[in-house]
Amino acid sequence: MKKLYSTFVLLLISCTVIAQYGYRDSNRIGINIGVNQLSLNTKNFQTKPELGWDAGLSIRGNFYDNWDMVYGIQFSENNFTVATKSGFSANEEVNMKLASAQISLQLSYVFVENVLSIEFGPIIQVGSKLKSDYDKESNTVTGTTLVVKDIQDISKFNFYPAAGLTAGVKHFRFNISYQYGINNMLGNLNSKNLGYDFKGNPGILNGNIILYL
């Protein structure tokens with residue numbers, strides 16, 4: 001996490017330098033809060049997307065003509081469920097939580113200044129292991145011989161291309177975006193000799209409110 005904070009400081013400095021060129025009213029700091037929905041695209045087991053939350057900071061700065069640059073850091077809790085069977089062979093969906101931090105660098109084309117824009121660019125994510133309720137860790141994952149705790153130690157790093165739309169007024173806007181994970185989120189499980197070829201790519205839909213200072 002310390003590396004993420006250091007990187008964000010460097011982003012702030014870079015944005016400040018850019019903002020000195022051709023200053024206009026769109027150079028501002030934003031406080032972001034909202035919800036997300038993670039879908040894990042995999043054939044290894046059955047999953048369903050669930051709601052999570054987002055919170056973070058962003059800086060929007062004039063880049064060139066109608067283009068802005070948006071730098072951001074975001075902390076999230078992502079959720080999805082995995083189909084399992086309990087000790088009595090009852091079907092049960094177990095919630096899996098992923099805590100993560102993301103750094104983004106987005107190009108933004110401004111259709112109407114302070115009102116409407118579209119954004120696209122890369123996002124780097126560092127995440128934790130998957131977490132579930134302790135009393136569910138011994139549930140058998142449906143369609144496998146594995147239990148829930150076997151699939152928790154996932155890959156910690158992912159790279160997401162993302163695209164979204166921001167609309168609203170000068171100090172208060174809404175952003176909706178979608179990001180798709182290029183890296184195999186389950187790749188780390190392949191090193192544990194569990195007897196399966198794991199592959200899964202996350203897709204995350206975000207809906208955030210942005211308060212510009």
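**Start with confidence.** Colour the chain by pLDDT, since this is a predicted model. The chain averages 89, and 87% of the residues score at least 70. Now select helix α1, residues 2-19: confidence is lowest here, at a mean of 49. Strand β8, residues 172-180, sits at the other end of the scale with 98, the highest in the chain. Next, pick residues 15-23, where pLDDT stays under 50 and the model has 10 contacts beyond four places in sequence. Where pLDDT is low, the predicted coordinates should not be read in detail.

**On to the strands.** Select β4 (91-112) and β5 (116-127). These two run antiparallel and are joined by 10 bridges. For one example, click on tyrosine 109 and look across to its bridge partner in β5, isoleucine 118. Keep isoleucine 118 selected and find its bridge partner in β7, leucine 165. Between β5 and β7 there are 11 bridges, and this pair is antiparallel too.

**Into the turns.** β4 and β5 form a hairpin with 3 residues between them. Most residues other than glycine have a negative phi. For a second case, go to aspartate 65 in the loop between β2 (47-64) and β3 (67-85). Aspartate 65 has a positive phi as well, near 50°.

**A stop on β3.** Select threonine 81, which lies in strand β3. Threonine 81 is buried, with a relative accessible area of 6%. Show its surroundings, leaving aside neighbours within four places in sequence, and you will find contacts including Gln46, Thr47, Lys48 and Glu50. Glu93, Val94 and Asn95 are also in contact with threonine 81.

**Finish in the core.** Which residues have the most contacts inside the largest nonpolar core? Select Phe45, Phe80, Met96 and Ile151; the core they belong to has 22 residues. β1 (28-42), β3, β4 and β7 (157-168) each supply at least two of its residues, and β4 gives the most, with 3. Centre the view on isoleucine 151: beyond its neighbours within four places in sequence, its contacts are Phe45, Val82, Met96, Leu130, Val141, Leu146 and Leu189. In soluble globular proteins, nonpolar side chains tend to be buried together.

Conventions: Residues numbered from 1 in each chain as written. Predicted model: local features only at pLDDT ≥ 70, side-chain atom pairs only at ≥ 80, totals over all residues. Heavy atoms only, no water. Helix = DSSP H or I, 4+ residues; strand = E, 2+ residues; numbered from the N terminus. Core = buried A, V, L, I, M, F, W, Y, C linked by side-chain atoms within 4.5 Å. Buried < 20%, exposed > 50% of the residue type's maximum accessible area, 1.4 Å probe, protein only. Contact = heavy atoms within 4.5 Å. pLDDT = per-residue confidence, 0-100. Pairing = 2+ DSSP bridges.
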